[in-house]
Amino acid sequence: MSNVNDSDLKYLEILEELHKTWKPHAGQLHVGKQFYNNSEIMTIFLQNGRKWGKSEFVIYFLWRHAMMNPGSSCYYFAPLAKQAKEIVWAERRLQNFGPRSWISKIDNNEMRVTFTNGSFIKVDGSDSYEAYRGTQPSCAVYDEFKDFHPQFHEGMSPNLAVKKAPLLIIGTPPRVDARNFQQYIQMADECKARADSLFMCRPTSDNPVISAEWLNSE
């Protein structure tokens, strides 16, 4: 019993340390509770409005998994590697998100943050899909899935199954005439139908920083 208590205490200590650097708004908190309070959910497909705060939410998802699970291989994917660099790496949003004491190395060439517990977070794009066949992720994020290379998930899906890696798919919905519209709809429908997946929609208005005037003008 003492081992269980010690484990729970360590879990809470890590959460407290991480939450000192970031506080979710109510909408982000709602989504997080749906995932973290249900151990059966392995995939969340989150369709959100612009400026909802998805970048901070996905970085939190990755940092939390890396800190909680020593030796984890965590991946952030955007549609293009160049796009991934601009979204989370160039302005050091990923590198500076959590407590610096947890980081042992930052590799700017590989866009990889290595943690003191052996975990890492790697940033890349779906255009590098050939490079990830055969990898074994511990968790992954697909950011702006509507623009992903059509062969990416086909190759990544069996890799995720090896470690039962949690997957967060997030972004704004595509136009009906978009090239990848059917891919997006198919993935969304699968997540709606599967017992181990969850499909959610969250509006921009969740974000308290966004003014009503801006929303109305948009």
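**Salt bridges, sheet and strands**

Visitor: Which residue forms a salt bridge with Glu144?
Guide: Lys54 does, and the closest N and O atoms are 3.9 Å apart. A salt bridge here is a side-chain nitrogen of Lys or Arg within 4 Å of a carboxyl oxygen of Asp or Glu.

Visitor: Where in the chain do Glu144 and Lys54 sit?
Guide: Glu144 is in the loop between β6 and α5, while Lys54 is in helix α3 (residues 54-68). Helices (H or I, at least four residues) and strands (E, at least two) are DSSP runs, numbered from the N terminus.

Visitor: What should I know about the model before going on?
Guide: The model is predicted: local features need pLDDT of at least 70, side-chain atom pairs count only at pLDDT 80 or more, and totals for chains, interfaces and linings use all residues. Residues are numbered from 1 along each chain as its sequence is written, and side-chain values use heavy atoms, with hydrogens and water left out.

Visitor: Back to that pair. Is Glu144 buried or exposed?
Guide: Glu144 is buried, with a relative accessible area of 11%. Lys54 counts as buried too, at 14% relative accessibility. The cut-offs: buried is under 20% relative accessible area, exposed is over 50%, and partly exposed is in between (1.4 Å probe, protein chains only).

Visitor: What about the backbone at Glu144?
Guide: Glu144 has a positive phi of about 55°, although it is not a glycine.

Visitor: And Arg92, what is its phi?
Guide: Positive, about 60°, and Arg92 is not a glycine either. Arg92 lies in the loop between α4 (81-89) and β3 (103-107). Its relative accessibility is 31%, so Arg92 counts as partly exposed.

Visitor: How many salt bridges does the structure hold?
Guide: Ten. One of them joins the side chains of Asp147 and Lys146, at 3.0 Å from N to O. Asp147 counts as partly exposed at 37% relative accessibility, whereas Lys146 counts as buried at 19%.

Visitor: Which residues do shared partners join into one network?
Guide: Lys54, Asp143 and Glu144.

Visitor: Is Lys122 buried or exposed?
Guide: Lys122 counts as buried, at 10% relative accessibility. Lys122 forms a salt bridge with Asp124, with the closest N and O atoms 3.8 Å apart. Asp124 counts as buried at 11%.

Visitor: New topic. What is the strand order in the sheet?
Guide: Eight strands form an open sheet in the order β3-β4-β5-β2-β6-β7-β1-β8, and the pairing is mixed. Two strands pair if DSSP finds at least two bridges between them.

Visitor: Which strands stand at the edges?
Guide: β3 and β8 (197-202). Each has a single partner strand, so one side of each is left without a neighbour in the sheet. Neighbouring strands of this sheet are turned by 15° against each other on average, direction ignored. Axes are lines fitted to C-alpha atoms, for helices over the stretch in contact, and angles run from 0 to 180 degrees between N-to-C directions.

Visitor: How many bridges join β4 to β5?
Guide: Three, between β4 (residues 112-115) and β5 (residues 120-125), which run antiparallel. Val113 has Ile121 in β5 as its bridge partner.

Visitor: Why is β7 largely enclosed by the rest of the structure?
Guide: Because five of the five residues of β7 (residues 167-171) are buried. Leu167, Ile169 and Gly171 cover one side, and Leu168 and Ile170 the other. In a regular strand the side chains alternate between the two faces of the sheet.

Visitor: What pairs with β7?
Guide: β1 (residues 43-48) pairs with β7 in the parallel sense over five bridges. β6 (residues 139-143) pairs with β7 in the parallel sense over four bridges. Ile170 in β7 stands opposite Leu46, and Ile170 is also the bridge partner of Asp143.

Visitor: Which β-α-β unit do β6 and β7 make with a helix?
Guide: A right-handed one, with helix α5 (residues 152-162). Right-handed means that, with the strands pointing away from the viewer, the path from the first strand over the helix to the second runs clockwise.

Visitor: Where does helix α2 lie?
Guide: α2 (residues 26-36) lies across β1 and β8, running at about 170° to β8. As for α5, that helix packs on the sheet and touches β2 (73-78), β6 and β7. The direction of α5 makes about 160° with that of β6. Contact means heavy atoms within 4.5 Å.
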